[in-house]
Amino acid sequence: MQTSVIAPDDPRAPDVRQLLERHLALMNAQSPPEDVHALDVDGLVDRSVTFVSLRSEGVLLGVAALKQRDATHAEVKSMHTAEEARGRGVGRALLDHLLGLARERGLERVSLETGSQPGFAPARALYARAGFAECGPFADYLPSPHSTFMTRVVDPRPAPVDDAAEHLVRTRPAPVTERA
């Protein structure tokens, strides 16, 4: 059995920076430049952003961020699972963790922007399974045929553990056991 931990991380760390570069390259390959809204390292160290990673036995498997938009609203940013870790519940565990942070902070709503192209279908499905619904542009986003905007209300009660991600950590920094 392996131990997985979601915890705050430094986007400037070498392995994190490498994963973020792969994320940005993938976003740029699938969307026109004006519709790539992923944050770079400088954006992820902003004071309004909480950046976390999921590591298993010290190996980086995914990253995600929560950007505070105002006193009641936050946005999921730069969520990315390493290609070799996809299908293992990493994305859902990271998303559940961000929703838990939003709940702890008393936020009312969490929104996100993702691509509308076929390559983003797994991400849109993940967000829909987590209770996100399509909405119009928010914050400073403009309507675009290349973007899908989604939002959900933050339930003040803890969410039940998703079967697909039950073996991954949802709160920091307590480690959990991951099925091998």
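This is a predicted model: local features need pLDDT of at least 70, side-chain atom pairs count only at pLDDT 80 or more; totals for chains, interfaces and linings use all residues.

Reader: Where is the place of Gly131, and how does its accessibility count?

Author: Gly131 is in the loop between α4 (121–129) and β6 (133–135). Its relative accessibility is 44%; because buried means under 20% and exposed over 50%, Gly131 counts as partly exposed.

Reader: How many helices and strands are there in the protein, and in what pattern do they follow the sequence?

Author: The protein has 4 helices and 8 strands. Read along the sequence, their pattern is β-α-α-β-β-β-α-β-α-β-β-β. Of the 180 residues, 46% are buried. Among contacts with a separation of 6 or more, 66% are between residues 24 or more positions apart.

Reader: Which strands pair with β7?

Author: To read a pairing, one notes the direction of the strands and the bridges that join them. Strand β5 (residues 109–115) pairs with β7 in the antiparallel sense over 7 bridges, and Val110 has Arg152 in β7 as its bridge partner. Strand β6 is also antiparallel to β7, joined by 3 bridges; here Ala133 has Thr151 as its partner in β7. Thr151 and Arg152 are also the residues in contact with Gly131.

Reader: Why is β7 largely enclosed by the rest of the structure?

Author: Strand β7 is described in this way because 6 of its 7 residues are buried.

Reader: What does Phe132 touch, not counting residues up to four places away in sequence, other than Tyr127?

Author: The residues that Phe132 touches include Leu95, Leu99, Val110, Met150, Thr151 and Arg152.

Reader: How many aromatic pairs does the structure hold?

Author: The structure holds 4 aromatic pairs. The ring centres of Tyr127 and Phe132 are 5.9 Å apart and their planes are at 65 degrees, so this pair is edge-to-face. Tyr127 is buried at 7% relative accessibility, and Phe132 is buried at 4%. Elsewhere, ring pairs link Phe138, Tyr141 and Phe149 into a cluster.

Reader: Which residues are joined with Arg69 into one network of salt bridges?

Author: Side chains of opposite charge can pair when their charged atoms come close. A search of the whole structure finds 8 salt bridges. Arg92 forms one with Asp96, their closest N and O atoms being 2.9 Å apart. Because they are 4 residues apart in helix α3, Arg92 and Asp96 are separated by about one helical turn; both are buried. As for the network, salt bridges that share partners join Arg69, Glu75, Lys77 and Asp140. Within it, the side chains of Arg69 and Glu75 meet at 2.6 Å, N to O. Arg69 is partly exposed at 26%, whereas Glu75 is buried at 0%. Asp140 and Arg69 meet at 3.9 Å, N to O. Asp140 lies in the loop between β6 and β7 and Arg69 in the loop between β3 and β4, so the pair ties together parts 71 residues apart in sequence. Asp140 is exposed, with a relative accessible area of 60%.

Reader: What phi do Glu57 and Ala139 have?

Author: Most residues other than glycine have a negative phi. Glu57, although not a glycine, has a positive phi of about 50 degrees. Glu57 is in the loop between β2 (49–56) and β3 (59–68) and is exposed at 52% relative accessibility. Ala139 likewise has a positive phi of about 50 degrees without being a glycine. Ala139 is in the loop between β6 and β7 (147–153) and is exposed at 53%.

Note on methods: Residues are numbered from 1 along each chain as its sequence is written. Side-chain values use heavy atoms; hydrogens and water are left out. Helices (H or I, at least four residues) and strands (E, at least two) are DSSP runs, numbered from the N terminus. Buried means under 20% relative accessible area, exposed over 50%, partly exposed in between (1.4 Å probe, protein chains only). Contact means heavy atoms within 4.5 Å. Two strands pair if DSSP finds at least two bridges between them. Rings of Phe, Tyr and Trp (its six-membered ring) pair if their centres lie within 6.5 Å; planes under 30 degrees apart count as stacked, over 60 as edge-to-face and the rest as tilted. A salt bridge is a side-chain nitrogen of Lys or Arg within 4 Å of a carboxyl oxygen of Asp or Glu.
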